[in-house]
Amino acid sequence: AFEKRKADPRNLKAEAEANLSDPSTWGVYAVWIAGGAGFAYVKNVIVEPKYASGEWEEIHITLPGAERFAQATAEKVATETAGAIADVAPVAETVSSVVDAASTSL
């Protein structure tokens, strides 16, 4: 019964009107809008020009052990790629022979 009342359009309208008449709802909306505008202002007027002029540079953090992780990842990718190429080679030769047979029969 609660779900049916909750889904009733008249109840939804009444609930929306109650929310919009509550001043705290408008306060939350104002805070979100002001925060978004403030963030955009800081980003576009303060931060971006400093990066563009070279006054600020990007921060690069080197984590300990990152080199070993990158090396292990590169080795894994190399072995997986080599295995995939080895698996595709017989299929490629079969397709090539079928194409050659089809072209000679035409």
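The expected span here is 1.5 Å times one less than the number of residues, and helices are DSSP runs (H or I, at least four residues) numbered from the N terminus. The helix does have a kink, of about 25 degrees, at Val88, shortly before the proline Pro90. That bend is the angle between axes fitted to the seven residues ending at a residue and the seven starting there.

A word on the model: it is a predicted one, with local features needing pLDDT of at least 70 and side-chain atom pairs counted only at pLDDT 80 or more, while totals for chains, interfaces and linings use all residues. Residues are numbered from 1 along each chain as its sequence is written, and side-chain values use heavy atoms, with hydrogens and water left out.

On to the aromatics. Rings of Phe, Tyr and Trp (its six-membered ring) pair if their centres lie within 6.5 Å; planes under 30 degrees apart count as stacked, over 60 as edge-to-face and the rest as tilted. By this rule there are two aromatic pairs. One joins Trp26 and Tyr29, edge-to-face at 5.8 Å centre to centre with 85 degrees between the planes. Both residues lie in helix α3 (residues 23–53), three residues apart, or about one turn of the helix. An α-helix has 3.6 residues a turn, so residues three or four places apart point the same way. Trp26, at 49% relative accessibility, is partly exposed, and so is Tyr29 at 41% (buried means under 20% relative accessible area, exposed over 50%, partly exposed in between, with a 1.4 Å probe and protein chains only). The rings of Tyr51 and Trp56 have centres 5.9 Å apart and planes at 85 degrees, so this pair is edge-to-face. Tyr51 is partly exposed at 38%, as is Trp56 at 36%.

Trp26 and Tyr29 turn up again in a nonpolar surface patch of about 720 Å², together with Leu20, Val28, Trp32 and Ile33. Patch residues have over 30% relative accessible area and no salt bridge, with nonpolar side chains (Val, Leu, Ile, Met, Phe, Trp, Tyr) joined within 5 Å and like charges within 9 Å. Helix α3 gives the largest share, five residues. Leu20 lies in helix α2 (residues 9–21) and is partly exposed at 42%.

Finally, there is one salt bridge, meaning a side-chain nitrogen of Lys or Arg within 4 Å of a carboxyl oxygen of Asp or Glu. Lys50 and Glu55 make it (3.5 Å, N to O); Lys50 is partly exposed at 25%, whereas Glu55 is exposed at 54%.

Technical notes: Helix = DSSP H or I, 4+ residues; strand = E, 2+ residues; numbered from the N terminus. Areas by Shrake-Rupley, 256 points an atom, 1.4 Å probe, with all protein chains shown as cover.
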